[in-house]
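Here is a walk through one structure, written for someone meeting it for the first time. Have a look at the sequence and the model, then read on.

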Amino acid sequence: GKSGLPHFLEHLMFKGTEQIPPGEFSKIVARHGGNDNAFTSYDFTAYHQTIAKDRLELVMGMEADRMANLRLTDEIVYPERDVILEERRSRVDNEPGSLLSEQIAAVQYLNHPYRLPVIGWFHEIAGYTREDALAFYERWYTPNNAVLIVAGDVTAEELRPIAERTYGKLPRRDVPARFRVQEPPQPAARRIVLEDERVRQPSVVRSYLAPSFSSDGREHAYALEVLSELFGSGGTSRLFKALVVEQGLATGAGSWYRGSSLDATTFRIYASPRQDVEPPKLEADELERVKRRMIAEATYARDSLGGAARIFGTAITTGQTVADIEAWPQRIAAVTVEQVNAAARRVFEPRNSVTGYLLPASGRAPQG
């Protein structure tokens with residue numbers, strides 16, 4: 001009944017402590033030549049700053065302060081709740097594609113909380129109280145439940161004393177064990193149709209329940225990354241070339257796989273049919289081509305130096321280790337045709353799938 005509460009608290013973390021007035025956190029960072037932001041995923045919330053090395057202790061001290069000393073009043077909490085409601089309206093309710101993605105997740109997971117939107121359901125956001133936010137903060141925000149990642153021109157020897165002077169001063173608190181909810185067997189394929197008068201370009205999405213790097217079936221995760229990259233990533237991918245360039249069935253196509261989650265994730269295939277192409281025809285072609293065209297080569301996923309902290313932070317908070325990240329290129333390079341085929345056989349089971357159609361309000365719902 002409190003979906004989206006972690007995201008709400010992310011917003012409230014910028015509202016101030018006894019040392020930092022409400023709304024001043026980001027302004028202080030900016031005045032020192034840096035920038036900051038935060039984001040919430042299904043498994044964690046991340047707060048990040050980019051700052052000069054000689055200001056590193058400043059921002060770490062500010063982060064430590066708000067980890068333990070956040071001050072929330074009704075005058076702060078309830079206007080921010082309205083901000084979240086408006087964010088949901090603009091980013092989800094007013095975006096048919098986002099609504100479809102949300103509905104696919106709600107149908108894909110029968111039992112797991114991944115079925116809930118990160119931002120929360122509108123009616124549950126509207127019911128948040130100051131006590132809800134404080135209870136979540138006091139339950140989870142403690143240094144022994146956090147990971148500190150620092151990337152840049154600094155060594156561990158330089159960093160450790162700073163960490164000890166900032167986070168090291170905070171007392172630890174026991175946090176509840178993370179109880180991992182398991183998905184039951186999924187016996188039936190599901191299909192949903194979302195019609196909306198704002199849709200100008202129809203689309204079809206096929207979502208499969210898939211193993212992550214930390215869930216049951218994790219031995220397939222590297223092969224699934226290779227499959228997603230080669231099969232549906234960008235204009236040179238097999239799916240794009242087949243559906244868009246060669247056959248002219250679609251205006252766009254691709255696939256997406258996110259292996260960095262604590263529990264089972266999804267592998268999604270998507271395409272936008274041309275105006276004279278019925279969505280079911282496009283759907284059938286995608287599925288058959290997935291099964292036929294497995295490529296042996298391994299490719300490295302795109303990354304950047306600026307994303308290093310996020311890569312390591314995501315991995316560590318979702319069950320992986322530093323060694324896993326450092327070994328990633330070698331493990332990707334070692335993926336074989338047989339492993340890709342095995343991963344495909346594991347994932348592309350119709351009974352584990354959800355097919356979503358996004359159509360104009362006047363569009364005819366697909367049959368079959």
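Predicted model: local features only at pLDDT ≥ 70, side-chain atom pairs only at ≥ 80, totals over all residues.

The crossing of H1 and H4 is right-handed.

Who does the touching? On the H1 side, His7, Phe8, His11 and Leu12 make the contact. H4 brings Ile76, Val77, Glu80, Arg81, Val83, Ile84 and Glu87. Sorted by type, the residues in this contact of H1 with H4 come out as six nonpolar, two polar and three charged.

## A hairpin

Now for a pair of strands. Strand S1 (residues 35-40) and strand S2 (residues 45-50) run antiparallel and are paired over six bridges. To get from S1 to S2, the chain goes through a hairpin of four residues.

## The five-stranded sheet

What order do the strands of the open sheet take? Reading across, you get S3-S7-S4-S6-S5, five strands with mixed pairing. The edges are strand S3 (190-196) and strand S5 (250-257), each of which pairs on one side only. From one strand to the next, the twist averages 15°.

Helix H5 (residues 96-108) lies across S3, S7, strand S4 (203-210) and strand S6 (265-273). Its direction is at about 160° to S3. Helix H9 (residues 221-232) also packs on the sheet, where H9 touches S4, S5 and S6. Compared with the direction of S5, that of H9 makes an angle of about 165°.

## H9 has another partner

H9 also packs against helix H15 (residues 337-347), at an angle of about 90° and with the two axes 8 Å apart. That angle makes H9 roughly perpendicular to H15.

Here Ala223, Leu224, Val226 and Leu227 in H9 meet Gln339, Val340, Ala343 and Val347 in H15. The contact of H9 with H15 is made up of seven nonpolar residues, one polar and no charged.

Notes: Residues numbered from 1 in each chain as written. Heavy atoms only, no water. Pairing = 2+ DSSP bridges. Helix = DSSP H or I, 4+ residues; strand = E, 2+ residues; numbered from the N terminus. Axes fitted to C-alpha atoms, helices over the stretch in contact; angles between N-to-C directions. Contact = heavy atoms within 4.5 Å. Left-handed = near helix turned anticlockwise from the far one by under 90°. Nonpolar A, V, L, I, M, F, W, Y, C, P; charged D, E, K, R; others polar. Parallel < 35°, antiparallel > 145°, perpendicular 65-115°, else oblique.
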